[in-house]
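Here's a quick briefing on the chain you're about to see. Have a look at the fold first, then skim the notes below.

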Amino acid sequence: MLIAPKATVTINNTSSGWIVADTVTNPGGEWHFVYQNLLLPLEVTVEAEKRLDDAAPDREL
């Protein structure tokens, strides 16, 4: 799963999963949307950490 709602995602290789993006471009890759027929809700937990040059910034921008 790739979650980048404000980004442009470019697919250059074959892969699979789900993409959430502002724009998706595909100049030659192959993407397979798997599990599109799930009948039950899937509970997930998403965690993220803001990093700048591999360090946590001192303040929010």
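Strands here are DSSP runs of E with at least two residues, numbered from the N terminus. On that count, the elements of this predicted model run β-β-β-β from the N terminus on. The radius of gyration is 15 Å, well over the 10 Å that the globule rule gives for 61 residues, so the chain is more spread out than a compact globule.

**Overall layout**
- You'll find four strands and zero helices in the chain.
- Along the principal axes, the C-alpha atoms fill a box of roughly 40 × 35 × 20 Å.
- Take contacts between residues at least 6 apart in sequence: 0% of them join residues at least 24 apart.

**Confidence**
- Mean pLDDT for the chain is 81, with 93% of residues at 70 or more.
- Among the elements, strand 3 has the highest mean pLDDT (91) and strand 4 the lowest (85).

**Burial and surface**
- The chain exposes about 5800 Å², and carbon and sulfur atoms supply 52% of that.
- A nonpolar surface patch, with about 1100 Å² of accessible area together, includes M1, W18, F33 and Y35.
- Y35 sits in the segment after strand 4, and counts as exposed because its relative accessibility is 61%, over the 50% cut-off.

**Around G29**
- G29 is in the loop between strand 3 (19-25) and strand 4 (30-32).
- G29 has 16% relative accessibility, so it counts as buried; the cut-off is under 20%.
- Leaving aside neighbours within four places in sequence, G29 contacts I11, N12 and N13.
- T10 is 19 residues from G29 along the chain, and their C-alpha atoms are 8.6 Å apart.

Notes: Residues are numbered from 1 along each chain as its sequence is written. This is a predicted model: local features need pLDDT of at least 70, side-chain atom pairs count only at pLDDT 80 or more; totals for chains, interfaces and linings use all residues. Side-chain values use heavy atoms; hydrogens and water are left out. Buried means under 20% relative accessible area, exposed over 50%, partly exposed in between (1.4 Å probe, protein chains only). Contact means heavy atoms within 4.5 Å. pLDDT is the predictor's confidence in each residue, from 0 to 100. Patches are made of residues with over 30% relative accessible area and no salt bridge: like charges are joined within 9 Å, nonpolar side chains (Val, Leu, Ile, Met, Phe, Trp, Tyr) within 5 Å. Accessible areas come from the Shrake-Rupley method with a 1.4 Å probe; for residues, only the protein chains shown count as cover. A salt bridge is a side-chain nitrogen of Lys or Arg within 4 Å of a carboxyl oxygen of Asp or Glu. The radius of gyration is taken over C-alpha atoms; the globule rule is 2.2 Å times the number of residues to the power 0.38.
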